[in-house]
Amino acid sequence: MERKGFLKSLLFGAVTAPTVLTACDKSSTDITPTEGTTGSVTNPGTSSTACAVAPTETEGPFPTKSPTSYVRSDITDGRTGYKLTAKITIGNSNNGCAALAGAIVDIWHCDATGNYSEYGGSGMQSTNFQSVHFLRGRQVTDANGLVTFTAIFPGWYSGRSTHIHVHIYNANGTSLKVTQIAFPEGAGSAVALMNGYTKGM
Amino acid sequence: MQARTITLCYRKIVDAASTKLWDRLVFEDSYREFRMQAQLYNPDKKYRTFGELIQHSAGAEQLHFLVSAAAIGYLQQLNETMPDVVNNLGKHFLKFNQFQFEIINSDVHDKTKHAVAINFFSVPMVWHDSIGNYLLISDTTGTERQVLTHMLQVQPFLSIHSLTNSV
């Protein structure tokens with residue numbers, strides 16, 4: 001028997017059969033599960049009588065803390081287009097525009113054909129979980145207030161200049177600013193050089 | 001009966017009463033993500049519940065999608081195996097690769113109101129027969145001579161999501 005399973009069965013037996021433990025108590029000086037009156041041994045070393053029943057099902061691999069899938073620098077997710085490296089520096093306008101370290105920066109923008117990752121369907125359809133949040137990313141600013149993302153140059157959709165959405169939070173997740181970075185348009189601009197995008201300027 | 005191909009949907013509720021480690025991680029992280037993303041639709045801090053946001057703030061239905069990112073890492077840790085649903089031998093066996101995340105309720109000031117659902121959609125399975133309260137199903141890789149089968153109890157929050165009659 002695996003050790004984990006054995007421990008589970010041990011704990012489960014212990015808390016569901018307190019009468020057996022009590023009976024053992026009388027004949028043994030080695031085991032003293034006498035906290036409170038329940039005879040529980042699932043929380044030795046504390047004075048609490050609260051205890052939790054160990055789960056009996058097979059839980060598979062134990063989960064580990066996982067950050068939101070936005071946390072990555074390369075947000076391309078296989079979208080094709082002109083590679084873009086975006087370096088964004090966050091300054092604190094209340095502090096002489098000094099670099100703001102530890103701020104959370106979310107960015108999101110559309111792909112080369114003008115689609116955002118949430119608008120692929122009704123938004124409530126079932127979906128494969130592998131690349132559902134394409135072109136969305138989250139980074140935390142370093143000591144220089146800097147975050148760096150790798151993506152593709154955003155496409156264009158009707159009525160809007162080419163842009164990247166930005167949402168900045170403090171380290172606690174409180175919203176500080178929602179804004180957009182728009183690219184200059186006209187001859188010689190990066191936007192004008194985006195030949196090959198089907199919905200380009 | 002004639003074998004038919006089905007997909008199953010398991011709707012897993014995660015709320016303040018959830019106790020399993022995986023569930024707690026999804027609960028805590030999806031609540032944090034909700035509080036962050038909800039600010040996008042609540043610039044004046046007028047609303048506190050998810051229901052209010054949906055009713056009054058244009059575009060707030062995107063929160064289902066936006067908050068789902070908090071769960072993606074945990075979905076990947078499942079290795080495409082559906083949680084909780086076991087066959088009659090007590091083993092996990094259903095594979096999934098499609099999901100749908102929903103916010104059922106939430107409140108930016110009260111974590112105990114936070115509840116989400118993750119709908120897991122199984123890969124296609126062959127439904128051979130029903131025995132009492134059990135579906136006799138197998139994956140689709142069996143030969144004509146023999147297939148290895150599972151018995152799966154009909155239970156709450158587990159439903160046949162789609163059905164294809166074989167020709």
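Where is Asn79(B) found? And what is the part of chain B around it like?

Analyst: Asn79(B) is found in the loop between α3 and β2 of chain B. Before going further, a word on the model: it is predicted, so local features need pLDDT of at least 70 and side-chain atom pairs count only at pLDDT 80 or more, while totals for chains, interfaces and linings use all residues. Residues are numbered from 1 along each chain as its sequence is written, and chains are lettered from A and ligands numbered from 1 in the order in which they are written.

Chain B has three helices and seven strands, in the order β-α-α-α-β-β-β-β-β-β from the N terminus on.

Asn79(B) follows α3(B) and has a positive phi near 55°, in a residue other than glycine. Why is Asn79(B) called exposed? There are 10 C-beta neighbours inside 10 Å, so Asn79(B) counts as exposed. The rule is that a residue is buried if 20 or more other C-beta atoms lie within 10 Å of its own, exposed if 12 or fewer, and partly exposed in between, with C-beta atoms placed from the backbone. Asp84(B) sits in the loop between α3 and β2 as well. Its phi is also positive, near 70°, and Asp84(B) is not a glycine either. With 17 other C-beta atoms within 10 Å, Asp84(B) is partly exposed.

Now step back into the helix before that loop. α3(B) is mostly covered, with 12 of its 16 residues buried. Among the buried ones are Leu63(B), Phe65(B), Ile72(B), Gly73(B) and Leu75(B). The cover over the buried residues of α3(B) includes α1, α2, β2 and β3 of chain B. The helix also has a kink of about 45°, centred on Ala70(B); the bend at a residue is the angle between axes fitted to the seven residues ending there and the seven starting there.

Helix α1 (residues 21-38) and helix α3 (residues 62-77) of chain B pack at an angle of about 145°, with axes 9 Å apart. Axes here are lines fitted to C-alpha atoms, for helices over the stretch in contact, and angles run from 0 to 180 degrees between N-to-C directions. The crossing of α1(B) past α3(B) is right-handed, meaning the near helix is turned clockwise from the far one by less than a right angle. On the α1(B) side, the contact includes Trp22(B), Val26(B), Ser30(B) and Phe34(B), and on the α3(B) side it includes Leu66(B), Ala70(B) and Tyr74(B). Two residues are in contact if their C-beta atoms, placed from the backbone, lie within 7 Å. By class, this helix pair brings together 12 nonpolar, two polar and two charged residues. Nonpolar means Ala, Val, Leu, Ile, Met, Phe, Trp, Tyr, Cys and Pro; charged means Asp, Glu, Lys and Arg; the others, Gly among them, are polar.

In soluble globular proteins, nonpolar side chains tend to be buried together. Here, the largest nonpolar core has 44 residues, and Leu63(B), Ala71(B) and Phe120(B) have the most contacts inside it. A nonpolar core is a set of buried Ala, Val, Leu, Ile, Met, Phe, Trp, Tyr and Cys residues joined through C-beta atoms within 7 Å. Elements of chain B that each supply at least two residues include β1 (4-15), α1, α2 (50-56), α3 and β2 (96-105), and α3(B) gives the most, with 10. Leaving aside neighbours within four places in sequence, Ala71(B) is in contact with Val26(B), Ser30(B), Phe101(B) and Ile118(B).

To place all this in the whole chain: buried residues make up 35% of the 167 residues in chain B. Its C-alpha trace spans about 65 × 35 × 25 Å along its principal axes. Chain B also has a partner: 33 of its residues are in contact with 27 residues of chain A.

Notes
Helices (H or I, at least four residues) and strands (E, at least two) are DSSP runs, numbered from the N terminus.
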